[in-house]
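Dear colleague,

Please find below the structure that I am handing over to you. My notes on its helices and strands follow.

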Amino acid sequence: MINDEHRKKLEKVSSRSGYFSTENYKLLIISTDFHSQNAGFVFLGDEIFEKVQDKFIKTDFAKFKKAVDDALGYFKTTLDKYEEEVINIENVIYKNKFDSGFLSVYFKLKRNFSLLAILHEYFMVALNDFVDEFNGYKKEFKNDIQSLKRIDKIIDDTSSRLSIIFSYYNSIKDQKHSKNLYILTMISAFFLPLNLITGFFGMNTGDMFLSGANGTVMVFIAMIFFIAISMFWLFKFKK
């Protein structure tokens with residue numbers, strides 16, 4: 001009934017939805033999952049045939065319409081589920097309560113959502129192509145086409161929200177990293193003069209500069225004076 005190329009597309013589990021028009025028949029493949037068998041409907045004139053296992057069985061428009069509505073319902077339900085997961089992730093990230101497993105959860109959701117977006121896009125295009133060629137079905141599928149367009153808009157908005165979440169996560173990580181570097185720098189700045197003084201007075205010499213009885217006190221006072229002036233200019237510069 002259909003050529004080998006279209007049969008392979010229909011039988012391939014990982015195929016996407018598609019509409020194919022030839023001189024002898026029209027074929028609509030409906031796919032909502034990359035891991036399950038696709039639904040296929042062949043149109044010969046006014047007759048409709050559905051692929052059941054390895055055979056094409058004559059069916060009616062009502063059953064065909066139900067298959068389309070079931071696919072549309074799947075996309076709606078799955079999108080609602082992913083939107084709820086996105087909201088949960090937003091609550092976690094914006095309250096700074098994420099842990100080391102956050103990225104695993106995020107990228108798993110991102111991957112599954114991307115697959116849903118791909119399957120929905122192909123299904124919407126396939127159904128649009130089908131309705132464009134079968135003008136008599138435009139009225140029956142008007143609401144379905146409008147629903148698919150609304151879902152497409154929600155998918156775009158949700159995808160943007162996922163991108164914002166990841167950007168916000170990176171900004172938080174960069175901020176924490178910068179804070180840690182700042183603390184490390186302050187610790188180093190505090191101990192470096194002490195190390196210099198220790199090294200200076202730890203040398204085995206008796207006639208060097210400030211190695212007398214009051215040398216340590218003078219260096220300590222000079223260091224405090226230098227730090228005080230530096231902090232004063234630092235805060236004045238920041239203001």
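Helix α2 has 34 residues and spans 49 Å from its first C-alpha to its last, close to the 50 Å expected at 1.5 Å a residue. Here the expected span is 1.5 Å times one less than the number of residues. Helices (H or I, at least four residues) and strands (E, at least two) are DSSP runs, numbered from the N terminus. This is a predicted model, in which local features need pLDDT of at least 70 and side-chain atom pairs count only at pLDDT 80 or more, while totals for chains, interfaces and linings use all residues. Residues are numbered from 1 along each chain as its sequence is written, and side-chain values use heavy atoms, without hydrogens and water.

After α2 comes N96, with a positive phi near 55°.

Helix α2 (residues 61-94) packs against helix α3 (residues 102-133) at an angle of about 155°, and their axes lie 10 Å apart. Axes are lines fitted to C-alpha atoms, for helices over the stretch in contact, and angles run from 0 to 180 degrees between N-to-C directions. The two helices are therefore roughly antiparallel, a term for angles over 145 degrees.

As for the strands, β2 (residues 26-30) and β3 (residues 39-44) run antiparallel and are joined by five bridges; strands pair if DSSP finds at least two bridges between them. I30 has A39 in β3 as its bridge partner. Four bridges join β3 to β4 (residues 47-52), also antiparallel, and F43 stands opposite I48 in β4. β3 and β4 form a hairpin with two residues between them, and G45 in the turn has a positive phi of about 65°.

Yours sincerely

How values were computed
Parallel < 35°, antiparallel > 145°, perpendicular 65-115°, else oblique.
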